[in-house]
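Here is a friendly walk through some helix packing and nonpolar cores. Please keep the viewer open as you read.

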Amino acid sequence: MSYVHHVHHVEQFHGLPAFTFPAYANPVDLPDADAVAWRLHCDPYSSDERSDSYWRRFTESVDLGKIRALILGSPWYDSDGGSDLHELIGLRETFSGLEALFLGDLEDEEAMISMIELEDLTELLEAFPGLRELALRGGDGLQFPVTGHAALRVLRVESGGLPPEAAAQIAAASLPSLERLELWLGDDYYGGGTTAEHLAPLLTGVGKPALRHLGLQNSTVQDELAAALATAPVVRRLTSLSLSMGTLGDEGAEALLAGQSLAHLRELDLSHHFLSRDMMLRIWTELEPQGVRVNLDGRQEEDTDVDDETRRYVAVAE
């Protein structure tokens with residue numbers, strides 16, 4: 001089993017460069033509060049500073065009211081016990097300008113993505129009604145309130161195995177301002193298992209009237225999802241669609257081409273796929289002349305196991 005995609009710390013978030021708050025720094029040497037996405041990461045193995053004192057120094061050194069984007073790494077999210085957002089929620093009024101939040105910014109060497117624990121986000125979303133962008137890395141333990149959020153425009157969940165219940169909650173949530181939704185669904189072995197049935201409200205377009213980009217990615221049932229999207233009402237309002245990072249094969253691609261017109265799309269991302277070269281040529285021939293920019297990078301070959309059975313693999317699982 002081989003996975004070709006590595007997860008790294010984000011270098012840019014919410015249109016801002018990521019800046020890690022240093023273990024030791026003079027406040028006068030720090031960037032303006034609204035000029036960067038502040039990354040909080042207190043390495044428990046190499047730092048002498050406790051996370052509570054690190055957090056206290058951060059809150060005393062930076063004008064919290066001007067912070068637009070915040071990225072939380074370890075120890076707020078790790079592989080040994082999940083997360084703790086109470087301090088952030090407790091300062092909800094102080095973080096009055098917060099627009100974007102990234103939870104679980106750990107890379108491969110720090111924690112396997114399937115081991116990063118999330119949580120019920122109900123209290124967090126209620127505490128920050130003005131939040132516009134939310135990115136999550138992990139999946140285990142994630143709960144997303146079906147009641148939704150009025151202001152959220154971008155939602156991304158990077159997971160090696162997104163629990164089907166969480167995917168269903170996101171699909172059913174009322175997110176009237178949401179423009180971009182990206183879900184890495186992952187492998188069943190690592191907690192995934194989402195099917196088209198779990199995503200039914202999303203596919204019909206209910207509750208997300210502003211949606212323009214949809215990514216159903218990194219899935220072991222990519223052919224099934226492609227077939228569902230071939231007739232899904234939500235596709236008609238999209239400008240871009242991604243079925244990348246998964247196990248898409250000729251069957252799923254055939255369903256897409258035989259379904260509703262995709263000519264209105266600006267982009268169709270099918271990268272990391274298992275398509276035959278003949279099917280790749282068909283897709284290009286049918287869609288590119290209609291103005292659809294198609295990404296077919298990363299053609300994969302099926303693995304053969306000890307029993308001579310072939311297997312497709314997603315880009316990110318462990």
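Predicted model: local features only at pLDDT ≥ 70, side-chain atom pairs only at ≥ 80, totals over all residues.

**Helix pairs**

Two packed helices are described by the angle between their axes and the distance between the axes.

| Helix pair | Angle between axes | Distance between axes |
|---|---|---|
| α6 (residues 222–229) and α7 | about 5 degrees | 8 Å |
| α7 (residues 250–258) and α8 (residues 277–287) | about 20 degrees | 10 Å |

Let us take α6 and α7 to begin with. Their axes make an angle of about 5 degrees, and the two helices are therefore roughly parallel to each other. On the α6 side the contact is made by D223, A226, A227 and L229, while α7 brings E251, G252, A255 and L256. By class, the residues of this α6–α7 contact are five nonpolar, one polar and two charged.

Now turn to α7 and α8, whose axes lie 10 Å apart at an angle of about 20 degrees. That angle makes α7 roughly parallel to α8. The crossing of α7 past α8 is left-handed. Here α7 contributes D250, A253, E254 and L257, and α8 contributes M279, R282, I283, E286 and L287. What classes do the residues of the contact of α7 with α8 divide into? Five are nonpolar, four are charged and none is polar.

**Nonpolar cores**

In soluble globular proteins, nonpolar side chains tend to be buried together. In this model the largest nonpolar core has 84 residues, and the members that touch the most others are F58 and L134. If you select L134 and leave out residues up to four places away in sequence, you will find that L134 touches L101, L103, L121, L125, F144, L152, V154, L155 and R156. Another core, of nine residues, lies apart from the largest one and includes F13, A37, A69 and A135.

A171 is part of helix α4, which spans residues 164–172. Is A171 buried or exposed? Buried means under 20% relative accessible area; A171 has a relative accessible area of 1%, so A171 is buried. Setting aside neighbours within four places in sequence, A171 is in contact with H198, L199, P201, L202 and K208. G205 is 34 residues from A171 along the chain, and the C-alpha atoms of the two are separated by 9.2 Å.

Definitions and conventions: Residues numbered from 1 in each chain as written. Heavy atoms only, no water. Axes fitted to C-alpha atoms, helices over the stretch in contact; angles between N-to-C directions. Helix = DSSP H or I, 4+ residues; strand = E, 2+ residues; numbered from the N terminus. Parallel < 35°, antiparallel > 145°, perpendicular 65-115°, else oblique. Left-handed = near helix turned anticlockwise from the far one by under 90°. Contact = heavy atoms within 4.5 Å. Nonpolar A, V, L, I, M, F, W, Y, C, P; charged D, E, K, R; others polar. Core = buried A, V, L, I, M, F, W, Y, C linked by side-chain atoms within 4.5 Å. Buried < 20%, exposed > 50% of the residue type's maximum accessible area, 1.4 Å probe, protein only.
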